[in-house]
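This report describes one protein chain, going from the overall fold to single residues. The sequence and the structure are shown first.

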Amino acid sequence: MLPLHPVPCWTHRGCRVRLVGHPLCEGAYEIRHGSGALMGTASSLSAARQLIDDHIVLLRQRLAASA
């Protein structure tokens with residue numbers, strides 16, 4: 001059965017930001033790289049974008065090294 005209300009998702013630099021809790025709570029947004037690697041959680045969309053911007057290069061380097 002499909003959920004009545006799909007979970008809101010956004011993308012930024014190839015990463016998926018998904019609402020997993022109340023938008024005003026710590027850890028409300030889950031951030032995953034396109035590879036499926038969990039990058040972390042954030043309490044706001046702006047914090048999620050900042051986390052991605054701060055960590056995307058290092059994550060891409062790690063994925064390339066492990067390939």
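## Burial and Ala42

A residue counts as buried when its relative accessible area is under 20%, and as exposed when that area is over 50%. Ala42 has a relative accessible area of 5%, so this residue is buried. Ala42 belongs to strand E4.

Setting aside residues up to four places away in sequence, Ala42 touches Gly27, Ala28, Tyr29, Ile31, Ala47 and Ala48. His22 is 20 residues from Ala42 along the chain, and the C-alpha atoms of the two are separated by 11 Å.

## Model and confidence

The model is predicted. The mean pLDDT of the protein chain is 89, and 96% of the residues score at least 70. Among the elements, strand E3 (residues 29-33) has the highest mean pLDDT, 96, while helix H1 (residues 45-66) has the lowest, 92. Where pLDDT is low, the predicted coordinates should not be read in detail.

## Overall fold

A box of roughly 40 × 30 × 15 Å, taken along the principal axes, holds the C-alpha atoms.

Of the 67 residues in the protein chain, 24% count as buried. Among contacts between residues at least 6 apart in sequence, 20% join residues at least 24 apart.

## Surface and charge

The protein chain has an accessible surface of about 4,800 Å², and carbon and sulfur atoms account for 59% of that surface.

## The nonpolar core

The largest nonpolar core consists of 13 residues. Cys15, Val17, Tyr29, Ile31, Met39, Ala48 and Ile52 have the most contacts inside this core. At least two core residues come from each of strand E2 (15-19), E3, strand E4 (38-42) and H1. H1 gives the largest share, five residues.

Which residues does Ile52 touch, not counting residues up to four places away in sequence? The partners of Ile52 are His12, Arg13, Cys15, Val17, Ile31 and Met39. Cys15, Val17, Ile31 and Met39 are also among the residues with the most contacts inside the core.

## Two loop residues

Pro23 is located in the loop between E2 and E3. The relative accessible area of Pro23 is 37%, so this residue is partly exposed. Beyond its neighbours within four places in sequence, Pro23 is in contact with Ala28, Tyr29 and Ser43. Ala28 and Tyr29 are also among the residues that Ala42 touches. Pro23 and Leu45 are 22 residues apart in sequence, with a C-alpha to C-alpha distance of 8.9 Å.

Arg13 sits in the loop between strand E1 (9-12) and E2. With a relative accessible area of 38%, Arg13 is partly exposed, and Arg13 is one of the residues touched by Ile52. Most residues other than glycine have a negative phi. Arg13 is not a glycine, yet its phi is positive, at about 50 degrees.

Note on methods: Residues numbered from 1 in each chain as written. Predicted model: local features only at pLDDT ≥ 70, side-chain atom pairs only at ≥ 80, totals over all residues. Heavy atoms only, no water. Buried < 20%, exposed > 50% of the residue type's maximum accessible area, 1.4 Å probe, protein only. Contact = heavy atoms within 4.5 Å. Areas by Shrake-Rupley, 256 points an atom, 1.4 Å probe, with all protein chains shown as cover. pLDDT = per-residue confidence, 0-100. Helix = DSSP H or I, 4+ residues; strand = E, 2+ residues; numbered from the N terminus. Core = buried A, V, L, I, M, F, W, Y, C linked by side-chain atoms within 4.5 Å.
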